[in-house]
Amino acid sequence: MLARLAALLGLSKKPSLYIRPLKEHDIGAVLAIEEKMYHYPWSESIFKDCLKVGYSNWAYVKNEQLIGYVILSVAAAEAHILNICLDPAYTGKGIGRQFLQETLTIAKKKKAESVFLEVRPSNTVAVKLYKKAGFKQIGQRKNYYPAKEGREDALVLSYQLE
Ligand SMILES: CC(C)(COP(=O)(O)OP(=O)(O)OC[C@H]1O[C@@H](n2cnc3c(N)ncnc32)[C@H](O)[C@@H]1OP(=O)(O)O)[C@@H](O)C(=O)NCCC(=O)NCCS
């Protein structure tokens, strides 16, 4: 009753889509998405380590359900996006672009001046997303990722925060 009244008055606590710190209790939901989205998913212990070492870890939540996550490390004015991933049920709707923008805002608040990331050239969706957002290719790491046949290079992209 109170919640309905608050909603009617526009006083609802949270928007339907928001970002919040990622917690250990989220790891189950994170792994379910990770395993759906990557051929070489990160393990539970990698995510636990990311929480332990104090990276900037964020959950994207829609209608109280975790639909994406980002692992960001920030040190000495440089931010690295180590993982950004969305539940496949929510891709292709502009949410990834929004999530990336929020990640850049977080990096800026943490006093980063540039943001770096590695991406597989075969991940055309992500490459397009980053390039549209203003990332520029600054290098290529040979044989960086495991692949079906041998290894795949990584494109190194960077973004200058104003
Ligand atoms: C990469 C990812 C976060 C993008 O999120 P998304 O919500 O699907 O992307 P959006 O809908 O916001 O689209 C943003 C841009 O990405 C590109 N894009 C999205 N879907 C695409 C598709 N099916 N084909 C080609 N480009 C596509 C487009 O450039 C798009 O911009 P546009 O619509 O103006 O052309 C998401 O697909 C994902 O989680 N992928 C798996 C994990 C991953 O690969 N992460 C990156 C590792 S480096």
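Modeller: Helices here are DSSP runs of H or I with at least four residues, numbered from the N terminus. With that in hand, α5 is followed by Gly134, whose phi is positive, near 110 degrees. Keep in mind that this is a predicted model.

Colleague: What makes Gly68 count as buried or exposed?

Modeller: The cut-off for buried is under 20% relative accessible area. Gly68 comes out at 0%, so it counts as buried. Gly68 sits in strand β3. Leaving out neighbours within four places in sequence, its contacts include Ile33, Trp58, Cys85 and Phe99.

Colleague: How do you know which strands stand at the edges of the sheet?

Modeller: Start with the order of the seven strands, which is β1-β2-β3-β4-β5-β7-β6 in an open sheet. β1 (17–21) and β6 (136–146) each have a single partner strand, so one side of each has no neighbour in the sheet. On average, neighbouring strands are turned by 25 degrees against each other, direction ignored.

Colleague: And why is the pairing called mixed?

Modeller: Look at what β4 does on its two pairings. β3 and β4 run antiparallel, joined by eight bridges, while β4 (residues 78–86) and β5 (residues 114–119) run parallel, joined by four. Strands of a sheet can pair either way, through backbone hydrogen bonds. Here the pairing is mixed.

Colleague: How do you know that β4 and β5 pair?

Modeller: Two strands pair if DSSP finds at least two bridges between them. β4 and β5 have four, which passes that test. Glu78 has Ser114 as its bridge partner in β5, and Ile81 has Leu117.

Colleague: Why do you say the buried residues of α5 line one face of the helix?

Modeller: First, the residues: Ala126, Val127, Tyr130 and Ala133 are buried in α5. Seen down the helix axis, the buried residues fall within an arc of 135 degrees, so they line one face. On the other side, Thr124, Val125, Lys128 and Lys132 are exposed. The buried residues of α5 pack against β4, α4, β5 and β7.

Colleague: Which residues touch the most other members of the largest nonpolar core?

Modeller: That core has 29 residues, and the ones touching the most other members are Ile81, Val115, Val119, Tyr130 and Phe135. The elements giving two or more residues to the core are β2, β3, β4, α4, β5, α5 and β7. Of these, α4 gives the most, with six residues. Apart from this core lies another, of 14 residues, including Tyr18, Ile27, Val61 and Ile71.

Colleague: And what does Val119 touch?

Modeller: Contact means heavy atoms within 4.5 Å. Not counting residues up to four places away in sequence, Val119 touches Ala126, Val127, Tyr130, Tyr145, Asp153, Ala154, Leu155 and Leu157. Notice Ala126, Val127 and Tyr130, which are among the buried residues of α5.

Technical notes: Residues are numbered from 1 along each chain as its sequence is written. This is a predicted model: local features need pLDDT of at least 70, side-chain atom pairs count only at pLDDT 80 or more; totals for chains, interfaces and linings use all residues. Side-chain values use heavy atoms; hydrogens and water are left out. Axes are lines fitted to C-alpha atoms, for helices over the stretch in contact, and angles run from 0 to 180 degrees between N-to-C directions. Buried means under 20% relative accessible area, exposed over 50%, partly exposed in between (1.4 Å probe, protein chains only). A nonpolar core is a set of buried Ala, Val, Leu, Ile, Met, Phe, Trp, Tyr and Cys residues joined through side-chain atoms within 4.5 Å. The arc is that of the directions from the helix axis to the C-beta atoms.
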